[in-house]
Amino acid sequence: MKFYLQMCHGMKSMCLDLSRTWGGATVILSPQNIYPTIKLKPYSESIRKLGGSVLFDPQLYAPSKFQKNLQKHDYWPREDFTSIELSEYNEVLKRLADINLNLHTEMFILPSRIIDRVDDQWGKDQDTIASQARIVAKEQQLLLTVALGKDVLMNDIQVESIIHYAHHWDIDGVYIVSEHPEHYYLVDKPIWIANLMSLIAGIKRLGKFVVVGYANHQMLPLSLAKCDAIAAGSFLNARWFKAEHFETSENKEPSQRTKWFYCPQTLSEFKVAYLDVAHRSGILNVMATPSQMENEFSNMLFGGAIPSSTNYEESDSFKHYLHCLRIQCEFSSKFTYIETRNYHFAQLETAAQLLTGLHNERIKGQDRDFNEICDVNAAAIQLFDKEFGFAIAREWDIK
Amino acid sequence: MLDFKQLEENLSNMEQLARGGQKVVYSATHSSFGEVVLKLFFNTDARSQREIEICSGYNFDCVPKIYETGHVSYIGTDTLYLIEQRVNGEELRKRLIKGTRFTLREAVSFLEQGLAFIKLLEEKHIVHRDIKPENIILTNNGKVYFLDFGIARILNAPSLTKTEALLGPHTPGYAAPEQFKNLKSTIDSRADLFSIGVVTYECLTGRNPFSEGAISHLDILQRTETITPVSFQIKGDTQHQFMGLLSSLMGKYPSRRPKDSIQALNWLSAAISTLEYEEVTK
C-alpha cells in the first residue's frame, strides 16, 4: 500500500522537504491551502522536479457552502453554485480537467458532494460525473470521489450499494473520504473499520484503483483489502475527514500546538512531556523509533537529553509521523493475504503489549493512545477476514 | 387441442409425483420416449412459457430433455402440457430426509457439476433462482440434474416480477438476500452461486444454515440476511479451502462471492488440490 501526502494548512514547504528526503512523493494538493488557481502550477512543478507527482482534490464536498479560500478558485461554481446540486457538472468538470492537465496530475480526482445516505439519485449523479468527465478528459485517468457522512460506513447495506453502483461507473478508481462516527480521531467502532475494508475490497474486486484520503495510521489494515494508497497530512484535519472543514465561512487555522511524538511500534502518539517521564523512568528506549523508521526529524529525542529540552519542533513532529507512516504503509502488504493478515495481527499484539508496559509507568497517549483501538482493529480484521478473506486471498495476486 | 384421453393413449404407469399451485406432475412410460415426466400447467402464464422456452431452447445436458409440448383439455380446461425426460435417480431432498450426507468427494463432484451448470446459464444470461434439493436429482453414478425453471429469469428479457413487489420469487433458506428482497438490478448468476453453496453445505453437514431452528418463513429470510453459516471443519479439507469456498459462495452480499461461475470453478480447482479424500461411512 502506497502513502500519499494529504496537503493541509502549513504543509507546502513540508511536502517539498519530505519529497526531497524520500526522493519523491505523491502529494494531494489542497485548493483550500493554495489559492488562487494560478499558484497551483508552480507548486506542482516544484514537487514534480523533486521526482514526485501530484493529485488535485477539488474539495467540492459542500459546493453550496461559502468557504473563503475555495471561492478564490476559477473552477468554484460561484454564480451558479446550485448547478452541481442539479446534476449539471459539465462546466465545472471542464475547468477541473484543464487544471488537471495543467498540473500534470497523475489521476484526475472527480468532484462529488458528501452524502449522509446512499440512494439511487446519488448513484446516478456519480454516474453522470464519471461519464461527463470521460468526455472532457479523454486522456486522463479518472478517480471518482466517494465522500461519506459519518453514518454511512456503519451500515453494511449502504456499503454494498456503493459497490453495486461503482460497478457501473466508467472510471479507473475511487477516492474515498469518510467522516468518522461520533467525531473521534481514532474510531472505536470495529464495524466502521470492517465496512471501510469491505468497501475497498468490493471496489478492488471490480478492478478499480482505490485511494483513501484523510487517513491515519489506524487505516493500515486497509492494505488487507488491497487498498492502493492512503493519504495523510500534518494536522488532524488532514488525517480525519470532517465535512465542516469545507463548509466554514472562515478558514479556522488549527489551534492545537502541543508537540506530539508518534511511536510507530505502539501505533500511539504521546505528548513530549510523557517522553520526559519515560526518560526519567529509564524506558525511553521502548519508545525509540525502530531502526527502519529512524529519521532526522526525531532522532534528537533519543540522544540522551531530556526530550522536551531538545529542538524537536512541531514541524519535526509532523514530518516524523508522516515519515513513519509512509514506511508502515510499505510494510503493510506482504506476499500473500495470509501473511499480510498475520502481520497486522502481530503488529496490533505488539502494540498492545508495549502499551501495557508504558501504562504501568503511567505513560499514556491520552486521546491518541491506541490501547483500546488495538482491539477495535483486531475485531475489524477478524470480521473482514471471515466475510471477505477467502475471496481476497484468492485474488491477492491480481492487481 | 388434444383431449386428455388422447394424450393418455401414449402413456402408461402414470403416477402423480407432485402437485403445486402452478402445476401437477406425473411420472409415466411413453410409448415412444420411454420413461417420462408429464407436467400439466394450471395457468398458461408467462412463467410457464418461459420455463418451456428455456428447457426446450437450450438443450442443457444436465437438464431433462423436453420431448413434446402442447395443449390438452384437462378437467375441461385448456391446459398446457409438457412431456420431458424422466431422470432415473433420487431427488436430493429425499436423500437428505434419509439422513444421507455427502462425503467430501461427493460434495466436490456435486459442486463442480452445479458450477458447470451455472456457467451454462451465464452464457445464456439466465439466472435459475430456484436451486434447492427439491429441484435436483442425483443419479446412481453421481450425475446431477437440475429441474424447474419456473422462476428463472432471463436477464436481457422483460422481468416477470413487479418492480415494486417487496419480495421477489424465492425459496426461503436457499435464495440469496438480493433475490428475495427483489433488488432486481443486483441479481445475476451470483444469486445461483449462493444457492448452490447452501445446497452443498446442507448435503455435507446435514444442516441448512438459515432454516434450521427458524420459526417462520420471515425468520428464515432474516437469518439469511444476518447470520454467517458456521464454518465446519471437514475431514480431508486440510487447509479449510473447501469450506472457505462454500462460505464465500454463501456471502450475504454479491460482492463477497466469486464474481461468476468461472471464478468459482477456478477457486474450486485450487481447493481440490489441497484436499485429502478419506471416505466416511454414509
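The model is predicted. Chain B is as compact as a globular protein of its length. One buried aspartate of chain A, A:D276, has no salt bridge.

**Chain B as a whole**

- Chain B holds nine helices and 11 strands.
- Its radius of gyration is 19 Å, close to the 19 Å that the globule rule gives for 282 residues, so chain B is as compact as a globular protein of that length.
- Along the principal axes, the C-alpha atoms of chain B fill a box of roughly 60 × 45 × 40 Å.
- Buried residues make up 53% of the 282 in chain B.
- Among contacts in chain B with a separation of 6 or more, 62% come from residues 24 or more positions apart.
- Chain B has an accessible surface of about 12,500 Å². Carbon and sulfur atoms account for 48% of that surface.

**Salt bridges in chain B**

- B:E134 pairs with B:R93 in a salt bridge, with the closest N and O atoms 2.8 Å apart. B:E134 sits in the loop between β8 (126-127) and β9 (136-139), and B:R93 in helix α3 (residues 92-97), so the pair ties together parts that are 41 residues apart in sequence.
- B:E134 has a relative accessible area of 30% and is partly exposed. B:R93 has a relative accessible area of 17% and is buried, because buried means under 20%.
- B:R257 and B:E178 form another salt bridge, the closest N and O atoms being 2.7 Å apart. This pair links distant parts of the chain, 79 residues apart. B:R257 is in the loop between α8 (241-249) and α9 (261-272), while B:E178 is in helix α5 (residues 177-180).
- Both B:R257 and B:E178 are buried.

**Salt bridges in chain A**

- A:D17, A:R20 and A:K319 belong to one network, joined by salt bridges that share partners.
- A:E330 forms a salt bridge with A:R326, and the closest N and O atoms are 3.8 Å apart.
- Both A:E330 and A:R326 lie in helix α9 (residues 314-331) of chain A. They are four residues apart, about one turn of the helix.
- A:E330 has 45% relative accessibility.

**A:D276, buried without a salt bridge**

- A:D276 lies in helix α7 (residues 272-281) of chain A.
- The nearest side chain of opposite charge is A:R280, 8.5 Å away. A salt bridge needs the atoms within 4 Å, so A:D276 has none with A:R280.
- The side chain of A:D276 does have a polar contact of 2.5 Å with the side chain of A:S308.
- Not counting residues up to four places away in sequence, A:D276 touches A:I306, A:P307 and A:S308.

**A:Q71, buried in a loop**

- A:Q71 is found in the loop between β3 (53-56) and α3 (90-103) of chain A.
- Its relative accessibility is 17%, so A:Q71 counts as buried.
- Leaving aside neighbours within four places in sequence, A:Q71 is in contact with A:K65, A:F66, A:W76 and A:R78.

Note on methods
Residues numbered from 1 in each chain as written. Chains lettered and ligands numbered in written order. Predicted model: local features only at pLDDT ≥ 70, side-chain atom pairs only at ≥ 80, totals over all residues. Heavy atoms only, no water. Helix = DSSP H or I, 4+ residues; strand = E, 2+ residues; numbered from the N terminus. Buried < 20%, exposed > 50% of the residue type's maximum accessible area, 1.4 Å probe, protein only. Lys, Arg positive; Asp, Glu negative; His and termini not counted. Polar contact = N/O pair within 3.5 Å; in protein donor to acceptor, adjacent residues only side chain to side chain. Contact = heavy atoms within 4.5 Å. Rg over C-alpha atoms; globule rule 2.2 N^0.38 Å. Areas by Shrake-Rupley, 256 points an atom, 1.4 Å probe, with all protein chains shown as cover.
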